Amino acid sequence: MMEKSDHAHKLYNRMRLWEFPDQYFVEPTDGSSAPFLSISRLNASFNLTDEVPHCNPVRVPKIWTIFGVVGTLKLLAGSYLLAITGRECVGFYLGYPIFKVVAMKIFPCDNSLKNASEEQRWMEREFSHLLSVAEGTPGLYFSYDVNISLSTQQLHDLGDESKLLPLWRQVDARFLWNSYMLEVLIDNKLDPYLLPVMQGSFQKFQSTVGKDVLDVTLIARRCNRRTGTRMWRRGADSDGFVANFVETEQIVQMNGYTASFVQVRGSIPLIWDQIVDLTYRPKFEILTLEEVPQVVERHFLDLTKRYGNVHAVDLVNKHGGEGRLCEKYGSAMQRIGIDDVRYLHFDFHKICGDTEIEWLSILYHRVEAFLFLNRYFLVNDKGEKVQGQVGVVRTNCIDCLDRTNVTQSMFARKMLESQLRRIGVFSVGESISGHPNLDRSFKILWANHGDGISIQYAGTPAMKGDFVRCGQRTMRGIVQDSWTSLMRYYLNNFRDGTKQDAIDLLHGYFIVSVSKNMASAIKKGGIEALASFPVAFSLIMTGFFLGTISLRQVRYDPWNLVVAVMWMGMSFAVTSFVRANGRVFCNRPRLHQPRY
């Protein structure tokens, strides 16, 4: 179905990196008779050379095995090279191996730091810390042979000329995670080193239906246009690109047939945010109300251009904080001037509650006609295209994680049953639930898929995972969701600001420059310089503890009542101060404030 990239553009899949005090050398060790890549540690310049310098007792290099060059980043006093030092083969996409990044290492080219000022050194350490956070970026996948950023249908329809291009020139730019970091390598025309990396998920299983062997693959492709963490990237920007936009493709291979079904998810396409302030549920704020119709229209124009017809399924609550977003979104969709777009609101929590997942069938029956009218991609056992998918369902809740994954798994389940009937494996009326092994594998596949997407955006596995994994609400799932909710609160308030800065640095949303006043971007000022939640919490608990002890001593000495009031008053005063200034006590991003 998909041919490999032209041999002239073959990517190096195993290399040896020689680390010398003044330069790095990258040596292809996969059998390629290619020159070495030399990288200066002084100015990060790239050159091709035929050999590595001779080693001696004074000049002994460290040697690393690497499996790909992710790219470079220019910081204040030098550049940094990001390389893949650990990989795991997680399966095959159309016959070609797919790898997951299990370890990345940052190699500094910062020898010029020796001549930097003390302030520059301090700022470089701050930026280097963000890079260390970026080393642990979850859910990164790549292939040396096939373009995993394109769906099966897109790969099948790819023209012969496009197939001859290097992989990095074939990619869907939305799903190229290391787009910014590859720019220097592209400028130096280092095609064999230009490895496209995608963030998302790659899951698969194999099962039997009778005597037939069924392969199911599930791929998530995360968009890089408004990437970030759960609370610091919400809604849409002024161009209509939304947070947590993920394309999900379910691929089925059986008896020589290949079928593919694509869905998408993404934040409500309004300009809105939900800034953390230590409260459990921060308020939703809709910004620039006058731009709502234009932003919504830009978003759906882009979707129709890429996917054809669009059915937007909105799962948010009708009332409360979510209700205002729902009202504005629904109102904008009624006025949208695009014929190929339809909108449906389904209050998941009101209709399904915490246990009645079977009520999702109401939603399916309302979307069923659209699903089958817009079909799925199908190739027969002769490699011929039988039909293509001409429309997509776009699903959202507030985070596009928990409710969304439950709903998308239901749509995917119904489409898989339809595909198996079309291929002739299932009879009319036969369902996945009638095949226990297939049923269990399918549920686990989608539960793991949801967990992967959620970890990237929220830092925790998905909630309502027992709905997907078990088909019903369980006590273990309820307890797990309670813990997950607490973890999200902690990460949102005290960790995600730094993580957002690391993401912005990797994607080029904040360009480090000597001409900028870097210190003002990084250093805290005013109340924020004094605000420390651990210190405030310690003062509150100390005042409460000592106040309680003093109260117990009142019967021995009435003056202890005054002391108790003083300690309790301190606790109350600190608590009031923290509540009034909740935002400054949170871990906030400092590098980039997006202009909506």
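Predicted model: local features only at pLDDT ≥ 70, side-chain atom pairs only at ≥ 80, totals over all residues.
Arg394 is buried, with a relative accessible area of 0%. Arg394 belongs to strand β20, which covers residues 391-396. In sequence, Arg394 and Val246 are 148 residues apart, yet their C-alpha atoms are 9.8 Å apart in space.

His299 touches Arg394, and its other contacts are Gly240, Val242 and Pro269, leaving out residues up to four places away in sequence. His299 sits in helix α6, residues 292-307. Its relative accessibility is 3%, so His299 counts as buried, the cut-off being under 20%. Other parts of the chain lie elsewhere: Leu190 is 109 residues from His299 along the chain, and the C-alpha atoms of these two are separated by 35 Å.

Another buried residue is Val341, with a relative accessible area of 12%. Val341 is in strand β17, residues 341-345. Its contacts, apart from neighbours within four places in sequence, are Phe300, Thr304, Val310 and Met333. Between the C-alpha atoms of Val341 and Arg121 there are 53 Å, and the two residues are 220 places apart along the chain.

Thr72 counts as buried because its relative accessibility is 10%. Setting aside residues up to four places away in sequence, Thr72 touches Phe46, Tyr80, Leu81, Met181, Val184 and Leu185.

Next comes a whole helix, α10, which runs over residues 402-423. Just after α10 comes Gly424, with a positive phi of about 100 degrees.

Most residues other than glycine have a negative phi. Ala44 is not a glycine, but its phi is positive, near 60 degrees. Ala44 is placed in the loop between β3 (36-40) and β4 (46-49). With a relative accessible area of 12%, Ala44 is buried. Lys464 also has a positive phi near 60 degrees, and it too is a residue other than glycine. Lys464 is in the loop between α11 (436-458) and α12 (465-470). Despite its place in a loop, Lys464 counts as buried, at 11% relative accessibility.

The next topic is empty space. Rolling a probe the size of a water molecule over the atoms shows where such space is left. In this model, the largest pocket holds about 810 Å³ of space. The pocket is lined by 34 residues, and those closest to its centre are Arg230, Arg281, Glu322, Asp399 and Met463. Which helix supplies the largest share of the lining of the largest pocket? That helix is α13, with eight residues. Helices α7 (320-335), α10 and α13 (475-494) each give at least two residues to the lining. Sorted by class, the lining has 13 charged, 11 polar and 10 nonpolar residues.

Finally, the cysteines. How many disulfides does the count come to? The count is zero. For Cys400, the closest cysteine sulfur is that of Cys397, and at 5.3 Å it is too far for a bond, because a disulfide needs the two sulfur atoms within 2.5 Å. Cys470 is in no disulfide either, since its nearest cysteine sulfur, in Cys352, is 17 Å away. Is each of these residues buried, partly exposed or exposed? Cys400 is buried, with a relative accessible area of 0%, whereas Cys470 is partly exposed, at 40%.

Note on methods: Residues numbered from 1 in each chain as written. Heavy atoms only, no water. Helix = DSSP H or I, 4+ residues; strand = E, 2+ residues; numbered from the N terminus. Buried < 20%, exposed > 50% of the residue type's maximum accessible area, 1.4 Å probe, protein only. Contact = heavy atoms within 4.5 Å. Expected span 1.5 Å × (residues − 1). 1 Å grid on protein atoms, 1.4 Å probe; cavity = no way out; pocket = protein on both sides within 12 Å on 5 of 7 lines; lining within 4 Å. Points joined across faces, edges and corners; volume = space filled by probe spheres on them. Nonpolar A, V, L, I, M, F, W, Y, C, P; charged D, E, K, R; others polar.
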